[in-house]
Amino acid sequence: MAKPATIRDVSERAGVSIAVVSRVLNPGSGPVAPDTKLRVQQAIGELSYRPRTAARELKSPGTTTLGLMLADVANPFFARLADKIVWEARARGVNVLLMTTQEDQHLEEECLNTLYERRVAGVIATPTSTNRAAWEKLDDLNTRVVFVDRTIEGVDFADSVGIDNDLSARRATAHLVSLGHTRIGFVSGPTTTSTGRARTEGYRQTLREHGLDVDESLIRHIPFRGDQGSDAVNALLSLPQRPTALIIANTAQVIPSLRRLAFSGLSIPEDLSVIVFDDDPWTELFTPALSIIKQPTEMLAAHSIELALNTAGERGRTNLLVQAEFIERGSTAPPRGSTPPRD
């Protein structure tokens, strides 16, 4: 991929000094003859040159702008993350350009092109599973990229911040196994995402470590957008031998899943123990209060901002995993009529 044109390329193409190009780009900064101005403008067009505004911001005492590209602000987790990132940025005098891809790889590519044109100082993003080539355009600009919550294999110049998804799923699964559950339903995001893969593997591995078979019929991978959590729960409850416990590891699908459970006639936790990946305060007000995997949104935001503004460190060398907290509440209990196994 060709490197983007520089101001020096423009000056050489137009046959003028860099200072003259700068005066054309900044009207009022100095006189330029009309024919010279025309040559410079033609060179800019031929080379598709765009001023490195981000570089000027970083070198000046003015305001820096970061791009924040999230997969879906309708997802409560991403909405809270956006709020915390903007707060952290403004505390540092940094502006944030917020964009959403709605989990659409084509829209993500459009957003990336916009950020490329804007030459933002850095990008914080929850990427879709593809578009590696589109991300590499930012690499050509040496733009600082920080993936938060998800990653893309092969995008080696990006730093990353996220929770330990494998460990979080292990903790949730191990807790239910310790209560005596052997049939545990698992609703996760798509396996095309790093979070979906890691959480599912943590669940599977924990069952194996406790001598339990992995029943693939108990696993449902569903999109983040929409309300397919309801369909996933309905399918699990319709099995000839339904699960006695359920982990909803797709944060965006927690509410549709619980809505289906509310109409099921099952009693929680007597008929079905439930754990959700969600840190929204309403989970404590649910009856009974929900056992949760609480994701540390504040820490994810703070680390993301710090990495995005770290112009001194080498890109792609930092991959931070912060620990999510398992909070046990009233929605988990031993299966009806059973006694928890002894350690």
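Biologist: Hi! I'm taking buried to mean under 20% relative accessible area. With that cut-off, is D149 buried or exposed?

Modeller: Hi! Bear in mind that this is a predicted model. D149 has a relative accessible area of 9%, so it is buried.

Biologist: Thanks. Where is D149 found?

Modeller: D149 sits in the loop between strand 4 and strand 5.

Biologist: And what is its phi, the phi of D149?

Modeller: Positive, at about 80 degrees, although D149 is not a glycine. For background, a negative phi is what most residues other than glycine have.

Biologist: Which other residue has a positive phi although it is not a glycine?

Modeller: One of them is Q102, with a phi of about 55 degrees. You'll find Q102 in the loop between strand 2 and helix 6.

Biologist: Is Q102 buried or exposed, or something in between?

Modeller: Q102 has 41% relative accessibility, so it counts as partly exposed.

Biologist: Let's go back to strand 4. How do strand 4 and strand 5 pair?

Modeller: In the parallel sense, over three bridges. Strand 5 covers residues 159-163, and its V161 stands opposite V148.

Biologist: What sheet are they in, and in what order do its strands come?

Modeller: An open sheet of six strands, with the order 2-1-3-4-5-11 and parallel pairing. At its edges are strand 2 (94-100) and strand 11 (319-322), each of which pairs on one side only. From one strand to the next, the twist averages 15 degrees.

Biologist: Now helix 7. Which of its residues are buried?

Modeller: Helix 7 runs over residues 132-140, and its buried residues are A134, W135, L138 and D140.

Biologist: Changing topic: how do helix 5 and helix 12 pack?

Modeller: Helix 5 (residues 76-91) and helix 12 (residues 297-308) meet at an angle of about 50 degrees, and their axes are 8 Å apart. That angle makes helix 5 oblique to helix 12.

Biologist: Is that crossing of helix 5 and helix 12 left-handed or right-handed?

Modeller: The crossing of helix 5 and helix 12 is right-handed. On the helix 5 side the contact is made by F77, R80, L81, K84, I85, E88 and A89. Helix 12 brings T297, E298, L300, A301, A302 and I305.

Biologist: Nice. What about the sheet with mixed pairing, what is its strand order?

Modeller: That open sheet has six strands in the order 7-6-8-9-10-12. Strand 7 (219-221) and strand 12 (325-327) are at the edges, each with a single partner strand, so one side of each has no neighbour in the sheet. Neighbouring strands here are turned by 10 degrees against each other on average, direction ignored.

Biologist: How do strand 6 and strand 8 pair in there?

Modeller: Strand 6 (residues 184-188) and strand 8 (residues 245-248) pair in the parallel sense over four bridges. There, G185 stands opposite L246 of strand 8.

Biologist: Which strands does helix 10 touch?

Modeller: Helix 10 (residues 228-237) packs on the sheet and touches strand 6, strand 7 and strand 8. The direction of helix 10 makes about 160 degrees with that of strand 6.

Biologist: And helix 8, which strands does it lie across?

Modeller: Helix 8 (residues 165-178) lies across strand 6, strand 8, strand 9, strand 10 and strand 12. Helix 8 runs at about 170 degrees to strand 9.

Biologist: What does the side chain of T283 have 2.8 Å away?

Modeller: The backbone oxygen of D280 lies 2.8 Å from a polar atom of that T283 side chain. Leaving aside neighbours within four places in sequence, T283 is in contact with V276, D278, A289, L290, I292 and R329.

Biologist: Last one: where are cis peptide bonds?

Modeller: One joins T287 and P288, with omega about -5 degrees, and P288 is also in the loop between strand 9 and strand 10. Another joins I268 and P269, with omega about 5 degrees. P269 is in the loop between helix 11 (254-262) and strand 9.

Notes: Residues are numbered from 1 along each chain as its sequence is written. This is a predicted model: local features need pLDDT of at least 70, side-chain atom pairs count only at pLDDT 80 or more; totals for chains, interfaces and linings use all residues. Side-chain values use heavy atoms; hydrogens and water are left out. A polar contact is a pair of N or O atoms within 3.5 Å; within protein, one must be able to donate a hydrogen and the other to accept it, and residues adjacent in sequence count only if both atoms are side-chain atoms. Contact means heavy atoms within 4.5 Å. Buried means under 20% relative accessible area, exposed over 50%, partly exposed in between (1.4 Å probe, protein chains only). Helices (H or I, at least four residues) and strands (E, at least two) are DSSP runs, numbered from the N terminus. Two strands pair if DSSP finds at least two bridges between them. Axes are lines fitted to C-alpha atoms, for helices over the stretch in contact, and angles run from 0 to 180 degrees between N-to-C directions. Angles under 35 degrees count as roughly parallel, over 145 as roughly antiparallel, 65 to 115 as roughly perpendicular and the rest as oblique. A crossing is left-handed if the near helix is turned anticlockwise from the far one by less than a right angle, and right-handed if clockwise.
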